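Good morning, colleagues. Today I shall speak about salt bridges. Please look at the structure as I go through the examples.

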Amino acid sequence: MADPSAARSPASGPARSGATGRLRLPVAALAALAPAWLIILVVYLGTTVWTVQLSLTNSRMLPSNEFAGLAQYQRLFGTARWSISIHNLVTFGIVYVLGALVVGSLLAIAVDRRVRFESMWRTVFLYPYALSFIVTGLMWQWLMNPEIGIQATMRAAGLGWFTFDWTTRPDMAIYAVSLAGIWQSAGLVMVLMLAGLRGIDADLWRATRIEGIPMWRTYLTIVLPQLGPSLATAFMLLTMGAVRTFDLVVALTNGGPGQSTEVPAKFIMDSLFARQDLGLATAGATVMLVTVMAIAVPILYARDIWARRRSGRL
Amino acid sequence: MQDPFPSHARGPRPQGLTLPRIGLYGLLVVAALFFLLPAYVMIVTSFKSMDEIRAAQIFALPHMLDWSAWSKAWSSACAGVNCTGVSVGFFNSVKITIPATILSVLLGAVTGYALSFWRPPGSKLLFAAITIGGFIPLQIFLFPVVRGTAALGLYNSLAGIVLVHVIFGLPLTTLLFRNYYASIPVELFKAARVDGAGFWRIFVSLMLPLSLPMLIVAGLMQMTGIWNDFLLGLVFAGRDNLPMTVQLNNIVTTTTGQREYNVHMAATVLTAIVPLVAYFVSGRWFVRGITAGSVKG
Amino acid sequence: MRRLLLPSLTALLLVSTAQAQDLTAEVAHSWTSGGEAAAVKVISDAFNAKGGKWVDWSVAGFENANAAYVSRLLAGDPPTAKTAVAGPEVTELVAQGLMNDIDAAFHQAVPDGVVPQVVLNAITVDGKVYMAPTGIHAGNWMFYSKPVFEKAGITAAPKTWDEFFAAMDKIKAAGITPIAWGGQSWQEGIVFHGVVLSTIGNAAYAKLYTDKDLAVIDTPEFAQAVKTFARLRDYVDAGAPGRNWNDATAMVIKDEAGVQLLSDFIKGEFTTAGEVAGTDYGCALTPGTDSLISLADAFTFPKTGNADKDKAQVLLAETVLDPTVQAQFSVLKGSVPIRTDIDTSGFDSCAQEAIGLVKQDKIVLDAAMTLSPAINGAFKDAIGAFFADPSMSVEAFIGQYKAAFANG
């Protein structure tokens, strides 16, 4: 079906065809968009500019106007905790996004195979998405607690070799965070992929069966490419969530053990409030912003091109 | 026209209990266990006594349904010197979530409608800015928005936290509605314009009724997001309006010598209940909404 | 006489109605654990009894509490009072003109010479007193479970590190966790600085943490402290990472661990659990130290721009400095009272020892009282990372620790 938005002409078209035939600027529409414009300009743009400006000053607890050039950035990149936070975020991000995509897609494929009690399965897989990250973090913190959680239970049941103490080990803690994150988000991916799967023509399935192509080949080479938009959406939502990760880390490990689960969002919060270091915090925030933009903008652009290409072709 | 989000698979049902079929159900069962495990442990533990908990049998059912942890979590658990349980936070969350959800959904609907059908000058830029804005980490905004709400006299007030939620809800709601409206045939809109209807008339009498599914969905997603928020509540809500998530964290990190896990888990479940109930009740709407909003466009 | 009665009565009535002012004070603190909460209640009860109205604003976790507090301060809507460490955390705010002084109230409540000079210096800025100190805590304490010591055959608290490690080995052999460790960087920081004091001594400690003489870090004594600190890793249990301080104390209270190395504020937990100093638990300074690494907590008073709130602040300051309140508070909190002129017979043996040391001026100032929150935070980062990573070398840690001072 053609993308209707591409076929739409701007509102000034119908306006001309009105009873009076005059060209009318869509004043009402502009007025209705005023709050959005206000928010974008004042809040999103304005605060970003202010934050970047602060990062170029000597601010400590309160903003100062003393220009300091790139000194805060030099401090930032010389701070071990910052580099560790970035490193942790990348590790977490990759495991979380890939994990959620894979698990979610597998679940979607499974549920799509005309299983009984389909809505029950869907409900079970999606409910974690309705929970707060604080709730999820606390739940998994208790489950992974070596003294009262799964490890203790297994060992008390006789499985003395069983270990599940990721939150207490610096080398594994970040994977604990990823696991909790995947648990929370796989259902969302499943729903997105499922909708994409359902959008695939029934004839396609019939054709592949007639051709005798094995099921796994069908999924991999024919179905998955068609799920491009769904995958892109899921990828974008997951990445957005990963970069903002704060609540989950605070509830699950609070950055520990050591600094093994420190993340940039937490670094900024701590610098801003606990360390009273406005300059450093805003420098970190600016770096985060630039990184996020560097990822998001190309993807959005690509999606736009893709959507336009698809609607142009059909 | 084909139903754009059919709720059942349309292929033929595979026959019988073949091995792949068993494997499929097996996979589903294992996955279900993985997802249900934490919730099961939480609920079961909240009914246990502390002695049972220390016995480290987290999968075991409680000896009896002991509700004392629940009543303590609700009304007398201590977060510092205030021993009011999470009930205070519950009502605060309600007071925050309802107006914030309604306002942000309406704003998103109007914005999406204007961007989708009317497209006044600057619309493409605005939409791109809104979308990109959704990626900006909240920490960027914290300090300036604190100053801004203070300048407006709204800091530390209910109105302030509601406003903040509306502001940061703009990207998601706009995205949902704009994509939803993109799937509504433009002929409907053109016909209404030909009839001489203006911006608001078309919105109220044509688009809003048509948007019912998306209103529900956007409402659900916003309600869930706002109820579950922690960071904004921590910074902006002030002492009198602390949402349930912040109170929960306070209670769990406040410990009086011995951590009362059963109380903590009961408090956690209580905090999770509202979005969960909304989710279970709305079921299909929730799913449809996520897909309709995200797959198109 | 009678002619004066009516005007006097009227005057009295006017005065009493004028007294019905709103002395509500919103007090921010993170003293939320059992012993701390009981101690705070002493102050709030006394404040309410004097006509004030205490509104509690406690946020668990002092990092979260600071976050919320700074937000409100920046927004121009601060609470009436907040607890803080008497040091740069507060003096920076004073320098920015954001705080009210309580100079008059302080000098009225406290005669000269009653408060130790170091504390007085810490709470005074430009000649005026800005904080109402509640008590002094010392970081370099070792609390131990007497039953565990008995079981392991340890007769006296270790006074040197050699004795300490020998004792820990004995406890380990008895099948009990030697050290109840809270694996959070702020706790590890307290322990580390206690170890540092034991190897470099009082003079060098002051040189480093008050005068910022970085040459001290390059001495072999400092490196020795790092090595000793690293050895402690072998004596903590697997559940240590991330453990809250009061969960660790609970281990000692329940005789599931031998010692806890931390500040004396943990004593409040023992008291609340009904344990008696000298019988159920014992206390000693961190091996090798003979002075207290001292940290004064105080109530601080942001500028409110409201006359009633300012009066409430004065009343609160008076309450905190009241001798009876000081004594009762410190007993429950485990701190040493600021005033040296109060009756200390109600204090247990551990507190008596601390009080004695303060009277003898055996005090060194904790870095939290002399260095900025940013530097202290960077300390914690380095120490926490080091303890959690056995593969980090002593040199690498020392490099990071030194770099912390660059945070201004």
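Predicted model: local features only at pLDDT ≥ 70, side-chain atom pairs only at ≥ 80, totals over all residues.

C:Asp348 and C:Lys267 join their side chains in a salt bridge, 3.0 Å from N to O; the term requires a side-chain nitrogen of Lys or Arg within 4 Å of a carboxyl oxygen of Asp or Glu. This pair links distant parts of the chain, 81 residues apart: C:Asp348 lies in the loop between β12 (336-337) and α15 (349-359) of chain C, and C:Lys267 in helix α12 (residues 267-272) of chain C. Helices (H or I, at least four residues) and strands (E, at least two) are DSSP runs, numbered from the N terminus. C:Asp348 is partly exposed at 24% relative accessible area, whereas C:Lys267 is buried at 3%. Here buried means under 20% relative accessible area, exposed over 50%, and partly exposed in between (1.4 Å probe, protein chains only).

Side-chain values use heavy atoms, without hydrogens and water; residues are numbered from 1 along each chain as its sequence is written, and chains are lettered from A and ligands numbered from 1 in the order in which they are written.

Which residue forms a salt bridge with C:Asp381? The partner is A:Arg81, with the closest N and O atoms 3.2 Å apart. This pair crosses between chains, from helix α17 (residues 373-388) of chain C to helix α5 (residues 80-112) of chain A. C:Asp381 is buried at 12%, and A:Arg81 is buried at 4%.
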